[in-house]
Amino acid sequence: MIEIQSTANEREVWEALNDLIIERAEAIMYEGGIQALELLKADKKAIKVLQKNLKEEKSFGDWLEKNNPRIAKKLMKKQLIEKQKEKKEATTTATETAAVYP
């Protein structure tokens, strides 16, 4: 629903937030998988692979959490500039039309 009514820039912000949620959920799943394998005394190789994946997920999630505010600010500033430009163009067109058809 939010995406339907959102601009392209707003959708990018929502996608970045969704990415963060997904990264955090994946990290939780890896942690659960590691704990289960440890309880089952499973192959240490498999656990090490999951631990490596967990580290990568956490790292990317941390990066997203750190950078999402900057990304959102940049995109919203871009959107504001675009709207101001559109408004200026509309005003210019209206003024030119009024000059031609007084």
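Trainee: In which helix is lysine 66 found?
Mentor: Helices here are DSSP runs of H or I with at least four residues, strands are E runs of at least two, and numbering starts at the N terminus. The run that holds lysine 66 covers residues 44–100. Its name is helix H3.

Trainee: What kind of model is this?
Mentor: Residues are numbered from 1 along each chain as its sequence is written, and side-chain values use heavy atoms, with hydrogens and water left out. Local features need pLDDT of at least 70, side-chain atom pairs count only at pLDDT 80 or more, totals for chains, interfaces and linings use all residues, and the model is predicted.

Trainee: How many helices are in the chain?
Mentor: Read the elements from the N terminus on: they run α-α-α. The count of strands is 0. The number of helices is 3.

Trainee: Is lysine 66 buried or exposed?
Mentor: Buried means under 20% relative accessible area, exposed means over 50%, and partly exposed lies in between, with a 1.4 Å probe and protein chains only. Lysine 66 has a relative accessible area of 67%. That value is over the 50% cut-off, so lysine 66 is exposed.

Trainee: What share of the residues in the chain is buried?
Mentor: The chain has 102 residues. It exposes about 8300 Å², and carbon and sulfur atoms supply 62% of that area. The area comes from the Shrake-Rupley method with a 1.4 Å probe; for residues, only the protein chains shown count as cover. The buried share of the residues is 18%.

Trainee: How many salt bridges does the structure hold?
Mentor: Side chains of opposite charge can pair when their charged atoms come close. A salt bridge needs a side-chain nitrogen of Lys or Arg within 4 Å of a carboxyl oxygen of Asp or Glu. The total for the structure is 4.

Trainee: How far apart in sequence are arginine 24 and aspartate 62?
Mentor: Arginine 24 and aspartate 62 form a salt bridge, with the closest N and O atoms 3.1 Å apart. Arginine 24 lies in helix H2 and aspartate 62 in helix H3, so the pair ties together two parts of the chain. Arginine 24 is partly exposed at 26%, and aspartate 62 is partly exposed at 44%. Their separation in sequence is 38 residues.

Trainee: How close are the N and O atoms of arginine 24 and glutamate 65?
Mentor: Arginine 24 also forms a salt bridge with glutamate 65. This pair links helix H2 to helix H3, 41 residues apart. Glutamate 65 is partly exposed, at 47%. The closest N and O atoms are separated by 2.5 Å.

Trainee: Which residue meets glutamate 56 in a salt bridge?
Mentor: Glutamate 56 is partly exposed, at 43%. The N to O distance is 2.8 Å. The partner is lysine 52.

Trainee: How far from glutamate 23 is the nearest side chain of opposite charge?
Mentor: Glutamate 23 lies in helix H2. It touches Glu57, Phe60, Gly61 and Leu64, leaving aside residues up to four places away in sequence; a contact means heavy atoms within 4.5 Å. Glutamate 23 is buried yet has no salt bridge. The nearest side chain of opposite charge is arginine 24, at 7.6 Å.

Trainee: What is the phi of lysine 41?
Mentor: Most residues other than glycine have a negative phi. Lysine 41 lies in the loop between H2 and H3 and is exposed at 73%. It is not a glycine, yet its phi is positive, at about 55 degrees.

Methods: Lys and Arg count as positive and Asp and Glu as negative; His and the chain ends are not counted.
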